[in-house]
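Student: Hi! Could we go through this structure together? I'd like to talk it over piece by piece.
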Amino acid sequence: MLQNVDQIRADFPILAETVHGKPLVYFDNAATTQKPRQVVEKLTEAYYKYNSNIHRGVHHLSQVATEAHENARKTVQQFIGAAHDHEIVFTRGTTESINLVAATFCEKFCTEGDEILISGMEHHSNIVPWQLMAERKNLKLKVIPFFDNGELDMEAYKVLLSAKTKLVSIAHVANSTGIVNPIKEIIQLAHAQNIPVLVDAAQSVPHFKVNVQELDCDFLVFSGHKMYGPTGIGVLYGKEDLLNALPPYQGGGEMIETVTFEKTTYNALPFKFEAGTPDYVASVALAEAIRYMQHIGLDAIKQHEDELLAYATEQLKTLDGVRIFGESMHKSGVLSFLIHDIHPFDLGTLLDQMGIAIRTGHHCAQPVMDRFGIPGTMRASFAFYNTKAEVDSLIKALKRIVVMFA
Amino acid sequence: MTINEIQDDIIEEFSVFDDWMDKYAYLIDLGNGLPVVDDSIKTEQNLIKGCQSRVWIDASYKDGIVHFDADSDAIIVKGIVALLMKIYNDKAPQEIMNSDLYFAEKIGLSQHLSPTRSNGLLAMIKQIKLYGMAFNAKYGG
C-alpha cells in the first residue's frame with residue numbers, strides 16, 4: 001500500500017467533505033475521479049495568467065498559451081509512449097474519440113458487408129458509434145462473447161476475425177466488471193490478418209502503465225476526467241499513417257491550411273482533427289494530472305489499487321449471499337457485485353445515506369447485464385487515494401443494510 | 001379524504017422518525033406491504049422510463065374514480081410507490097390531474113425528486129397525472 005496516502009488525500013479537498021453528515025467514502029472512481037489541488041490550480045493559473053486563443057496570435061499571451069497546450073500534448077505523448085506528438089489528438093473524451101474514428105475510418109475504409117468487431121463487455125460508447133456507422137454504410141457489427149467469469153472468449157475471437165473484419169474495437173479494461181483483456185494478444189491476432197485495433201483505454205490508463213508502441217495498437221482512446229484531470233478533455237492516439245489516411249471529422253478553424261469557396265486544403269496532424277478552438281486550458285490541466293500520477297508512480301498506483309481490490313474482494317466474500325461479477329486473476333480497480341436479491345438501487349440509496357458513493361445500475365453496459373441476466377450491479381471502483389479503512393466502512397455499512405432487507 | 005389530507009397524514013407519520021434508517025426501514029415495510037399485482041400489468045407500455053429500477057403503473061377507470069395497480073423490482077421504490085398509491089388511488093380524474101404534490105419534500109425524499117434522480121419519482125407522478133388527464137378528457141370531470 002502507498003505509505004503516504006494521508007498526504008495524498010490532503011491534495012484532494014473533496015475527500016474531506018461530509019455527505020448526510022458522514023465522512024465521504026468515494027468509490028465511484030470508474031465514473032470519474034476526484035481532482036487534486038494541483039490540477040485545479042493549473043486551470044486557474046491558465047485563466048489568470050495566460051488565457052489567449054492558441055495557434056493564431058502573434059502576441060505574447062497567445063504564444064504562451066500555445067506553448068502550454070503543445071507541451072501538454074508532449075506530456076501525453078510521453079505518458080503513453082507514442083512515437084510522435086502529432087499522433088496525439090485532443091478530443092472531449094473517450095466517447096468523442098471513438099466517434100471520430102468510427103465516422104472517419106468507416107467512411108474511408110468500409111463498404112457494404114464489412115464487419116467491425118467489438119466485444120460483449122463494451123461500454124455503450126464503444127457500441128453505439130459503430131452501430132450508427134453500420135446503419136449508414138450497411139456494415140455488420142460482430143460481438144466477441146465472454147465467459148461466466150467475465151473473461152473474453154479468445155477462441156471465439158479467433159473464429160470471428162475474418163477477411164471481412166475491417167477493425168477491432170475493444171476495451172482494455174471492462175468498466176462494468178474490471179476484467180483486463182489480454183490486449184497484446186488481441187492486437188497480435190488482428191495484425192496477423194492486417195486488421196487494425198482500437199483500444200478503449202478509459203479504464204486502464206488511469207490505473208497502470210500503458211505504452212502504445214509496446215502494445216502496437218493502432219488507436220488508443222481515453223478520458224481526462226477518469227484520471228484526475230478536468231472534464232471535457234480526452235485523447236485519441238492514432239498511428240501517424242493511419243491518422244493521415246483518415247478524412248477530417250469536423251470542419252472549422254484550426255483544421256484548415258487554406259480556404260477558398262472552391263476548395264479547402266487541410267492542416268497537418270494533429271490539427272486536422274482539432275477543428276475550432278481546442279480546450280487549451282483543460283489540456284494543460286490534464287498534463288498536470290499526468291505529472292501528479294507520475295510523481296506517485298504508475299507502478300505504486302497499480303500495486304496500491306490491486307491490494308485494495310484484493311482486500312475488498314476478500315472482505316466482501318465474508319458476507320452472505322454475495323455474487324461477484326468478473327472473477328479473474330486479471331482485474332483492475334473495479335468490484336461489481338450483488339447481495340442476495342437486493343436491488344442495486346436499494347443498496348445504493350442506503351449506502352448513500354451513510355456517505356458511501358458507489359455506482360449502481362447497468363454502468364452504461366446493458367448488454368453485459370443482459371449476459372449475466374441481472375438488471376444491474378453495485379460497483380465499487382478504486383483510486384490510489386482510497387484506503388483499507390474505507391473498504392472496512394463499506395463492508396460495515398453493507399452488513400447494517402442487509403439486515404434491513406431480511 | 002382528499003389528496004392533501006392524505007399527504008398531511010403521511011407527513012405526520014414520517015415526522016416521528018428522527019433517524020434516516022428508521023425512515024427507510026418504514027419505506028421497505030410499505031414496499032413489502034404493497035398489494036401483489038398481476039404479472040399481466042408488467043408490460044412495456046406500463047413501464048415508467050427513466051428509472052434505474054423498473055416501475056410499472058397500470059390504471060383503470062370505473063364509476064368516476066381511477067384505480068391504479070403498480071409495482072417495482074426495487075423495494076424502496078416500491079415503498080415510494082405505496083405512498084403514491086395511498087395518495088392517488090380511487091380518486092376522481094380531475095382531483096388527480098390538479099393535485100399538487102408536496103409530501104415528498106416534507107418527509108425528506110426530495111433528493112428523489114430531481115429529474116436526473118434515477119428512481120424517477122417525478123416520472124411516476126407525471127405518468128399518474130397523465131392518466132388523470134386522459135380519463136378526464138374521455139369521461140369528463
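Student: To start with chain A, what share of the contacts with a separation of 6 or more comes from residues 24 or more positions apart?
Tutor: In chain A that share is 70%. Keep in mind that this is a predicted model.
Student: And how many helices and strands does chain A have?
Tutor: Chain A has 14 helices and 17 strands. Its C-alpha trace spans about 75 × 55 × 35 Å along the principal axes.
Student: How does the radius of gyration of chain A sit with a compact globule?
Tutor: The two agree: a compact globule of 406 residues would come out near 22 Å, and chain A has 22 Å. Of those 406 residues, 50% are buried.
Student: Let's zoom in on two helices. At what angle do H2 and H10 of chain A pack?
Tutor: Helix H2 (residues 37–49) of chain A packs against helix H10 (residues 280–296) of chain A at about 150°, and their axes are 8 Å apart.
Student: Does that make them roughly parallel or roughly antiparallel?
Tutor: Angles over 145 degrees count as roughly antiparallel, so that is what H2(A) and H10(A) are to each other. The crossing of H2(A) past H10(A) is right-handed.
Student: Which residues make the contact?
Tutor: From H2(A) there are A:Gln38, A:Val39, A:Lys42, A:Leu43, A:Ala46 and A:Tyr47, while H10(A) brings A:Val281, A:Val284, A:Ala285, A:Glu288, A:Ala289 and A:Tyr292.
Student: How do they split by class?
Tutor: The contact of H2(A) with H10(A) holds nine nonpolar residues, one polar and two charged.
Student: Switching topic, how many residues of chain A are in contact with chain B?
Tutor: Eleven residues of chain A are, and they meet 13 residues of chain B. Helix H12 (344–353) and strand S16 (359–361) of chain A each contribute at least two residues to the chain A side.
Student: Which element gives the most?
Tutor: H12(A) does, with five residues on the side of chain A that touches chain B. By class, that side has five nonpolar, five polar and one charged residue.
Student: Now chain B itself. What pattern does it follow along the sequence?
Tutor: Chain B reads α-α-β-β-α-α-α-α, which comes to six helices and two strands.
Student: And what about its radius of gyration?
Tutor: Chain B has 14 Å, in agreement with the value near 14 Å for a compact globule of 141 residues. The C-alpha atoms of chain B fill a box of roughly 45 × 30 × 30 Å along the principal axes.
Student: What percentage of chain B is buried?
Tutor: Buried residues make up 35% of the 141 residues in chain B.

Key. Residues are numbered from 1 along each chain as its sequence is written. Chains are lettered from A and ligands numbered from 1 in the order in which they are written. This is a predicted model: local features need pLDDT of at least 70, side-chain atom pairs count only at pLDDT 80 or more; totals for chains, interfaces and linings use all residues. Axes are lines fitted to C-alpha atoms, for helices over the stretch in contact, and angles run from 0 to 180 degrees between N-to-C directions. Helices (H or I, at least four residues) and strands (E, at least two) are DSSP runs, numbered from the N terminus. Angles under 35 degrees count as roughly parallel, over 145 as roughly antiparallel, 65 to 115 as roughly perpendicular and the rest as oblique. A crossing is left-handed if the near helix is turned anticlockwise from the far one by less than a right angle, and right-handed if clockwise. Two residues are in contact if their C-beta atoms, placed from the backbone, lie within 7 Å. Ala, Val, Leu, Ile, Met, Phe, Trp, Tyr, Cys and Pro count as nonpolar, Asp, Glu, Lys and Arg as charged, and the others, Gly among them, as polar. The radius of gyration is taken over C-alpha atoms; the globule rule is 2.2 Å times the number of residues to the power 0.38. A residue is buried if 20 or more other C-beta atoms lie within 10 Å of its own, exposed if 12 or fewer, and partly exposed in between; C-beta atoms are placed from the backbone.
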